[in-house]
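Here are my notes after a pass through the model you sent over.

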Amino acid sequence: MEHEEYLKLYRHSLAHILAKAVIELYGKDVQYAIGPQIEDGAYYDFVLPEGKAITEGDFKAIEDRMHEIIKRREPWTRKEVTRDEALAIFKDQKYKTELINDLPADEKITVYYTGDDYVDLCRGPHVENSQELLGAAFKIHSVSMAYWRGDEKRDHMTRVYLYAFPSKDELKQHIKMIEEAKERDHKKIGAQLELFMFNETAPGMPYWLPRGWKMYKALLAYSREVQERHGYTEIAAPLINNKKLWLVSGHWAHYLNNMFIVPGFDGYTKADANIENVVSNLKDETEAPRAVKIQAGSLIYNRENIDTMAAKPMNCPNAMLTYKRKNRSYKELPIRYSEYDVLHRKEKSGQMNGLFRVQEFRQDDDHTFVMESQIKSEIADIISIADEVYKTFGVTYRAELSTRPDDYMGDINVWNQAEKDLKEILDEKYGEGGYEINEGDGAFYGPKIDLQIKDAIGREWQCGTIQLDFQLPHNFGLTYTAEDGTQQMPVVIHRAIYGSLERFIGIITENFKGNFPFWLSPYQVGIVPIRTEHNAYAKKVEDLLRDNGIRVEADYSDNNMKTKIKTFRGFKDPYVLVLGDKEAAENTVSINIRGNKQLNGVPLEKFLELCQKMNKEHSLDLIDSLD
């Protein structure tokens, strides 16, 4: 059995052990719902008897009962049953009954018995005997509230999570990684370093504070510098567009519920009005419709009106219009339009998570228009950009190729050639088998390559993407004049390397634990005059650094020197310059380097040279010696 299959098998089996333990401890009236295996273990959802709850103080008792159940060495029995038999087995279990009733008429129904006193509705597979789990290492780590079937309108449930690994060492290493991840939490570090904030008046839309915005601009500047070298041109477009644009692009049909709409205006209500048959979720057939009252004098909006607008969730349609503004020749291609405009995507409140999942963000977006014959060389160049960018941040990455889905659109021959080109590029770059292939997982408009980066503690994040698009050029009627004089349709390459800048900043904040490289740090140098009589020399140093593009901050107050140093260290400034009589007399600086190393008597011009070198080279490491 493959390692991953084994992990799924015993993690799913441990979910059943968890459910059995909770029932034994909290009584037969426990309603148990679902218990899937997940990436690092499993969870199970329960509704406990009235007056009972699971808290952190109960974790050990549940774990002990699980160990006890495993030591009973009970057999696991799989049994196929009819729908009526399944309903009889789970007649007292509300959620199992609902699941059974929702199964297709021809669905094979299986149950698994653990011993004689616990049975679960499950497709399996599972272990054959509890003794197979004797060596498993697991730990309950959290409990949370969940909604039945993820619907906030339905029953509240208690979700119990556990970690599960084949050995105690692997579990220990995972827990260590989790603790390290908590220390690196970008929300925590972002607050400490005063990078960004959120407010309930704009959920999922970050406020960038002065320090954070300096870092944001450094990221943008680096991206623009790289793209300039590779022949990209930058455009900017309106942030809201008439729905006519979204109808052409297909977003109105396929993405409407994730867009912020500014409906057209139809007038005012003359009297109070009731709107019948309103539901929160059109897909939930069980939700009861309700009436919504609109007060007299209210504005009446209608999103079907011709003047309806929508905030753009993607830059693609604007790039299509920019291309289409004039006739094109094959001699102009490829045309590369990079774009950093603000985007808005509507998310459910429970899905937002710091900078990782937001409703307002920017991307290092690009739409490149190519002939089919240029696809291979263009994507090879994009991958070279990804190599450079990710190397700059000290992260490794791997590629995944997603191929033609069943609902693809366009010419199959073009698809076949595109997939062949992408595979050749990836074979040449990473070697055969050096990347993953997700068969049938491409977008309906073209195959794609996703780039997964790995951070300092081994977590993977999907950031970069390269997507071929045969559909949008068709929707917008894009053409170019080929060498033979015929009108041909270009192929569009959607491309991002950072992806969402907000998400990328969250990732690198955790990757660097807030100790950003010199070129990226919000402030690169903090200046501390020892006493107020040293302020004049400190101001000279500050002006020189600032005039040469170094981000610098100084504290000219009469506060204690150690207090000033501590403040700048708290913000993780790479260098803190301490300036007194000796430095002023010799035109030097004494440097406190992040990480507690010091350099004294460094000539001012030499220090400036070091700073410029790190900015130019986008160095990962701080220079901490003059060798």
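**Notes on the predicted model**

1. Now the overall picture. The chain has 627 residues, and 49% of them count as buried. Its secondary structure comes to 18 helices and 34 strands. Along the principal axes, the C-alpha atoms fill a box of roughly 90 × 70 × 70 Å. If you look at contacts with a separation of 6 or more, 71% of them are between residues 24 or more positions apart.

2. I get 83 positive and 101 negative charges, and their mean positions are 3 Å apart.

3. Aromatics next, as the structure holds 26 aromatic pairs. Take Tyr95 and Trp148: their rings are tilted, with 4.9 Å centre to centre and 55° between the planes. This pair links distant parts of the chain, since Tyr95 is in helix α4 (residues 94-102) and Trp148 is in the loop between β7 (137-147) and β8 (156-165), 53 residues apart. Both Tyr95 and Trp148 are buried.

4. Another pair to check is Tyr575 with Phe607, which is edge-to-face at 5.6 Å centre to centre, with 80° between the planes. Tyr575 lies in strand β32 (residues 575-579) and Phe607 in helix α18 (residues 604-617), so this pair ties together parts that are 32 residues apart in sequence.

5. Gln471 is a polar residue to look at in the viewer. Gln471 is found in the loop between β26 (460-469) and α13 (472-475). With a relative accessible area of 10%, Gln471 is buried. What does Gln471 contact, leaving aside its neighbours within four places in sequence? The partners are Met409, Phe444 and Tyr445.

6. Backbone geometry, part one. A cis peptide bond joins Gly124 and Pro125, with omega about 0°, and Pro125 lies in the loop between β6 (118-121) and β7. Leu333 and Pro334 are likewise joined by a cis peptide bond, omega again being about 0°. Pro334 has its place in the loop between α10 (316-324) and β19 (335-339).

7. Backbone geometry, part two. Most residues other than glycine have a negative phi. Arg149, however, has a positive phi of about 60°. Arg149 lies in the loop between β7 and β8, and is partly exposed at a relative accessible area of 42%. Lys572 also has a positive phi of about 60°. Lys572 is found in the loop between α16 (561-570) and β32, and counts as partly exposed at 23% relative accessibility.

Definitions and conventions
Residues numbered from 1 in each chain as written. Predicted model: local features only at pLDDT ≥ 70, side-chain atom pairs only at ≥ 80, totals over all residues. Heavy atoms only, no water. Helix = DSSP H or I, 4+ residues; strand = E, 2+ residues; numbered from the N terminus. Buried < 20%, exposed > 50% of the residue type's maximum accessible area, 1.4 Å probe, protein only. Contact = heavy atoms within 4.5 Å. Lys, Arg positive; Asp, Glu negative; His and termini not counted. Charge placed at Lys NZ, Arg CZ, Asp CG, Glu CD. Phe/Tyr/Trp six-rings, centres within 6.5 Å; stacked < 30°, edge-to-face > 60°.
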